[in-house]
Amino acid sequence: MALHTGRGFAAINYPIGMNLGGDPSQALVHANPDGKFTVALSAIDLGQGMKSVTRQIAAETLGVPVEDVYVDTADSDTGPHDMGSFASRGTHRMGNAVIMAAKEARSVMLDAAAEELEVDPADLVTDGRGNIHVKGAPSRSITTMAAAQAAQFKQGRTIAGRGIFLIPLSEVDPDTGEMTPVSTFAHAAMLVTVEVDDETGEVTVTDMQSAYEVGRALNPRLVEQQLRGGAWMGMSHAAWETTEPYYPARDHGPVDFNSYIMPGPGDLAPHHISVLERPAADGPYGGKGPGEMCANPVLPAVVNAVFDAVGVRIDELPVTPEKVLRALQAQGGAKPRRRL
Amino acid sequence: MTDMVGGNMFEMRKEFFRDERDDNLNEVGKPTRRQDIPGHVTGRSPFFDDHLFDGLLHMRCVRSPHHHARLRRIDTAEAEKMPGVVRILQGRDVPRNLNTLLSLLDFGIDDEPLLSDTKVAYKGEPVAAVIAQTEAQARAAVQKVRVEWDPLPHVLDVEEAIKPGAPVVLDIYPNNKFVYHGKYDHQKLRFGDVEAAFRGADHIVEGRYQMSPIEQAPIETCGAIAAPEQNDRYVCYTSTQGLFFSLGTASKVLTMPSSRLHFIGGTVGGGFGGKVDSIHEPLAILGAMLTGRAVKYAWDREEEMQVGAPRGAERWYLKDGVMRDGRIVARKFTGYFDSGAYTRLSSYAIIKGVGHLPGPYTIPNVYADVYCVYTNRTPATAMRGFGITAVDFAIETHMDKVADVVGMNPIDLRILNAYRDGDMKAHRRIAKNCALIECAQVVAQKAGVTLSPALAAAASTRDGGGARAALPAFTATDEGGRVSGFKSTNYAKKGGRQPDMPGVPAYQSPRTAPPTPNPSPQGGGEPTPPPATPVRTGAMRFSSLSGFRRR
């Protein structure tokens, strides 16, 4: 009886901003008289960082510091229409809606500043630190706060903007499946190392090496959090969890986290992540949305690694000790492949 | 940016695609701390369940113990006498007790009651909802609701369910299969001629893959708290993942204009796809309408795991035609999505999945038949990677088999077949913005895997397009799985009869005849005055005037 080590590989792509319903997202942006901005959305922050990433996008587009922007979501009385955070559409759809709204608000802010500085608004730029100045002449400047005050109390302008992002509904051909399902894809590759115990059938993931291409990483920390958590979830799908252990029978269904088995802190494998950025033409600042795809390569990589380690293929998830032992028995013991 | 925490390395590989980016932005690309993190780490961020009201009532459902059964009778007499019970809801109390989630996108036929009143099609299906002063009282009263069942034969396996003579799960769809485009009982993908290509291939590699059902497992279970607001509106605090998905669904099944609904959410304790189904919001609001008091409806962990819709199981059959040098010349898929007893979102995920085939590879002949199958199981719904995760598991496990058959390094095989900018994809659009090759190369390098020199030098931006951009000269099409009696103008709309109408008259629309709230034993809630203004329809409103807003 022995522990066998194996390595498995998988590579995937993932459709971002599914477009079969044509559903758009809307955003509203407005400034207080002191130049602080509120972004009103109906998007949901599930923990993925919806509020934070739209806040950075709004600040970038407005040309103000991120501390000057607050994202308010989701109250149906104040936030405009949005179907929700799913199908990797949040960052892509809502990010673009926020850009459109912020551009409109920025344009009014620059008009207000131009009137105060007595220049053409087309000659103005923002420094991202709360100042608006004439291109090439930083001394001819006004703060965003002063511009907002002038707009409110002198000029009677509303520094506000409306945004929507819509890619019209894609028809689907019934006979060939011709369609435009999405506008961009994210990518990933993953190599995992496992140890398989041929006495107990237990599979332990001991190492993960990955590369994820996510378009622009709008916030690298949030990207890392998604990828790390998502890979953990993929590992759990591969070798731990299911609501029906003997699918399609409904018996032995778990009812709590004692019987619904997931990897704990002691089961986590080190995960070495490399992020590549190939901006998407229609993504907000090129961003794609890493949230959904990050689990996907882990499932097949684990199954392929088990094959590499002991020569059995488990084509039905999850890879439980019972399935591994039965397969080893049928094969007449472990037959390591060591191809990678 | 490269750093290492606890054996975990994280690096940005800025050298790739550098000329396609401007890296000098002010805020985008910065590791800015989350806006909401102080509230989260100090335990002060308000989630739906933090909005507790005086006299809050609790709802628990009476559920089917059978996989499939007719409902003969529901007797609530004993349960109504239980301590703390305020009201027991049944299907007849729901203004429009039939819905399909994607009707908001005009996709599919209404098929699922909020509270079933004629038959149940899965174990755990709700048939009544008890509203009581405490959760414990609601649980106790649920045990006293007597239901007379006529059990029916059931089917749990997707391939059993589509055999002739299988028990009928959902009678509006023939042979337990969703209807696509009013035309076929599956979604087709046809690109080139796989059968001809199989004949010319050096190897045929076949496989069968089974994805398991999975629980989304958010820390916060699904739930909603609804309460009458002043001015004849209802506020609903919810854990939903889709604010207007849930608002639109509630508006439809309660026949109430959106202007009378005030939904507040946005801070959610994990979703992963399991908080789209919009079951809690309409039931909690209906409870508030009929009692005049605040009502909470939330799942416990057992319900979350067994009644809450899981990631559906999928079964995939793959067949590849492969040349000796590793080039894949044909790939054929047959897929079965286990939708469970109702459609929810599975029909849609299949189209998403079909648009994804054959994975990130340029294969000149591709074929797929993918079925949305009804079984007597908990309905499936979205989960992270919906429509893609299971078929990627199938594709990438299959790729490993192909590598084994042709005796190739598995990473080399992926790069050899990878799609590149300018290639024609099977859904007949040109690939762009590709990066599979680079991801594979980076991983090979990190893991010390030696690639063949040509593939180590390959790039997504080179050697694509040209002949690889061409549509197939010939595509084999067929009329297999043809159905009749459905309108062909839409994804799935059935012609003639409208199966969602019969459920309506049992209860008058609240805008014409608002329900009289039951006086609660505690005398807690004030009845809602009937609306005097005429009904207005139109776009969603943006007013922010609400004295009931609590955050």
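## Ground rules

Two strands are said to pair if DSSP finds at least two bridges between them. Helices (H or I, at least four residues) and strands (E, at least two) are DSSP runs, numbered from the N terminus. This is a predicted model, in which local features need pLDDT of at least 70 and side-chain atom pairs count only at pLDDT 80 or more, while totals for chains, interfaces and linings use all residues. Residues are numbered from 1 along each chain as its sequence is written, and chains are lettered from A and ligands numbered from 1 in the order in which they are written.

## Where the chains meet

β11(A) and strand β2 (residues 8–12) of chain B run parallel and are joined by three bridges. Within that pairing, A:Ser274 has B:Glu11 as its bridge partner.

The contact as a whole draws on 114 residues of chain A and 113 residues of chain B, where two residues are in contact if their C-beta atoms, placed from the backbone, lie within 7 Å. On the chain A side, the elements giving two or more residues are β1 (3–16), α1 (50–62), β9 (184–197), β10 (203–213), α4 (220–239), β11 (271–276) and α5 (298–310). By class, that side has 57 nonpolar, 32 polar and 25 charged residues; here Ala, Val, Leu, Ile, Met, Phe, Trp, Tyr, Cys and Pro count as nonpolar, Asp, Glu, Lys and Arg as charged, and the others, Gly among them, as polar.

## The nonpolar core

A nonpolar core is a set of buried Ala, Val, Leu, Ile, Met, Phe, Trp, Tyr and Cys residues joined through C-beta atoms within 7 Å. A residue is buried if 20 or more other C-beta atoms lie within 10 Å of its own, exposed if 12 or fewer, and partly exposed in between, with C-beta atoms placed from the backbone. The largest core has 262 residues, and those touching the most other members are A:Val302, A:Val306, B:Val130, B:Ala226, B:Ala284 and B:Cys439. Its largest share, twelve residues, comes from helix α2 (residues 90–117) of chain A.

Leaving aside residues up to four places away in sequence, A:Val302 touches A:Gly8, A:Val192, A:Val194, A:Val205, A:Met235, A:Ala238, A:Ala239 and A:Val319.

## Inside chain A

Chain A is divided into domain 1 (3–16 + 182–331) and domain 2 (25–165), with bounds from an automatic or database domain assignment. Their centres, taken over C-alpha atoms, are 39 Å apart. Between these domains, 14 residues of domain 1 of chain A are in contact with 14 of domain 2 of chain A.

Two helices deserve a look. In α1(A), 13 of 13 residues are buried, and A:Gly63, just after this helix, takes a positive phi of about 85°. Helix α3 (residues 144–155) of chain A has A:Thr144, A:Ala147, A:Ala148, A:Gln149 and A:Ala151 buried; their cover includes β2 (25–31), α2, β6 (131–134) and β7 (137–143) of chain A. Just after α3(A), A:Gly156 takes a positive phi of about 65°.

## Inside chain B

Chain B holds 13 helices and 17 strands, and 57% of its 551 residues count as buried. Its domain assignment gives domain 1 (2–46), domain 2 (57–152 + 218–306) and domain 3 (161–214 + 320–469). The C-alpha centres of domain 1 and domain 3 of chain B lie 32 Å apart.

Strand β8 (residues 146–151) of chain B lies largely in the open, because the number buried among its six residues is zero. β8(B) pairs with strand β4 (residues 69–75) of chain B in the antiparallel sense over six bridges, and B:Arg146 in β8(B) stands opposite B:Asp75.
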